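Here is a short report on a structure and the two ligands it holds. Please look at the sequence and the model first.

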Amino acid sequence: SPRNKVCILGSGNWGSTAARIIAENVTKLPSFDNTVKIWVYEEIVDGKKLTEIINTHHENVKYLPGHKLPHNVVAVPDAAEVVKDATHIVVVIPHQFIQHLLDTIHGSTRPDARAISLIKGIGISNQGMTTMTQIIHRTLAIPVSSLSGANIANEIAEEKYCETTIGCSDPDEAIVWRSLFNTPYFQVNCVNDVIGVEFCGALKNVVAVGAGFIDGLGLGNNTKAAIIRIGFLEMRRLAMHISGAQIQESTFMESCGIADVITTCYGGRNRRLAEEFVKTGKSMTQLEKELLNGQKLQGYLTAGEVHSYIDSRGVNDHFPLFTNIYQICYEGKPPHSIFDGLNVDFSND
Ligand code: NAD
Ligand code: 13P
């Protein structure tokens with residue numbers, strides 16, 4: 001019988017899309033069991049449990065409507081039950097919920113299991129900034145890789161060609177993770193830089209908030225390109241400031257880096273709601289409730305986490321765009337103040 005079993009923790013827009021890919025791929029991999037359990041944060045949709053809807057109609061009608069899931073995807077409401085026999089654990093939930101989820105599965109994972117994080121977000125602790133793979137590793141004590149890229153889920157569900165980046169420190173494991181995710185329309189490149197991939201995925205969401213402000217102000221493509229350029233350089237500067245010794249500069253040129261900043265600043269949810277923030281004056285939390293039907297934003301939370309890090313170290317002057325975006329989100333500064341002090345010299349970075 002197959003030695004390996006993959007499971008998925010999270011069934012939002014991206015989690016459901018990843019499930020389509022993985023469930024199709026495992027049927028072609030002899031070393032993997034065909035059943036893919038997916039943890040669903042249980043809720044009632046039109047009077048029925050979401051897990052029952054998924055298992056009966058093979059569609060996540062709330063988070064990925066219009067796209068069928070393969071029949072070997074099995075929705076389960078208990079996360080500990082999902083991980084208990086898995087050798088490969090895919091973690092794909094909004095970053096604000098990670099610690100609670102890890103606490104519920106702690107002690108239920110196999111000692112030989114390994115995980116991959118598809119989450120785009122960071123954590124803050126007394127020691128400074130922690131990435132999702134570090135948080136997962138700290139609780140579960142298993143090897144953890146990362147996957148991030150220019151990957152708007154709805155476009156991938158429509159099987160439109162794109163690329164992604166896996167960060168994995170073990171070349172043999174990288175081959176296995178790649179075999180679970182790679183398809184003709186979802187091209188995986190592996191790099192030996194787990195946290196570089198994650199920093200890119202998390203920090204670009206802050207830039208996307210800035211891009212949305214520009215759209216809300218009605219200021220055209222050149223202005224947005226300037227925000228993308230400066231944002232990209234602040235992303236790289238911050239990641240190198242925190243973990244320079246562990247990160248490869250070339251990672252920023254992978255799909256997880258430059259390509260993801262671009263796609264999110266044009267097509268993402270963080271961008272869209274930041275535009276509405278400027279146009280309506282409503283808070284991000286209120287807009288998230290009103291416009292996203294249960295989907296979650298990462299960008300404005302990450303702006304807060306980034307700010308707490310750079311502020312506590314007194315390096316705000318080195319990150320004027322991140323600082324301005326934070327102040328617009330949380331301190332009532334006018335959206336036009338996004339341009340304050342942006343003439344920074346990045347030439348020595
Ligand atoms: P989503 O925003 O579409 O959906 C939110 C999910 O959170 C739902 O599954 C919901 O049931 C769940 N949830 C709500 N309350 C919860 C709680 N208290 N505890 C646990 N779960 C709860 O989710 P998504 O798009 O799959 O995002 C997951 C991660 O993937 C995020 O970090 C996101 O940045 C990243 N990502 C998303 C996309 C995309 O295009 N959607 C692409 C790449 C990466
Ligand atoms: P949003 O969360 O802003 O939609 O970004 C999705 C994404 O990460 C695309 O790569």
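The sections below cover the model and then each ligand.

## About the model

This is a predicted model: local features need pLDDT of at least 70, side-chain atom pairs count only at pLDDT 80 or more, and totals for chains, interfaces and linings use all residues. Residues are numbered from 1 along each chain as its sequence is written, chains are lettered from A and ligands numbered from 1 in the order written, and side-chain values use heavy atoms, without hydrogens and water.

## Ligand 1

Ligand 1 has 24 residues around it (a heavy atom within 4 Å). Asn13, Trp14, Ala153, Lys296 and Gln298 come nearest. Helix α1 (residues 13-26) gives the largest share of the shell, three residues; helices are DSSP runs, H or I, of at least four residues.

Polar contacts are pairs of N or O atoms within 3.5 Å. A polar backbone atom of Lys296 is 2.7 Å from an oxygen atom of ligand 1. For a polar side-chain atom of Gln298 the distance to a ligand 1 oxygen is 2.8 Å. The protein buries 90% of the 840 Å² that ligand 1 exposes when taken alone (Shrake-Rupley method, 1.4 Å probe).

## Ligand 2

Residues surrounding ligand 2 include Lys120, Asp260 and Thr264. An N or O atom in the Lys204 side chain is 2.7 Å from a ligand 2 oxygen. A polar backbone atom of Arg269 also has an oxygen of ligand 2 at 2.7 Å. Asn270 places a polar side-chain atom 2.8 Å from a ligand 2 oxygen. Alone, ligand 2 exposes 310 Å², and the protein buries 92% of that. Helices α10 (255-267) and α11 (269-280) each give two or more residues to this shell.

Definitions and conventions: A polar contact is a pair of N or O atoms within 3.5 Å; within protein, one must be able to donate a hydrogen and the other to accept it, and residues adjacent in sequence count only if both atoms are side-chain atoms.
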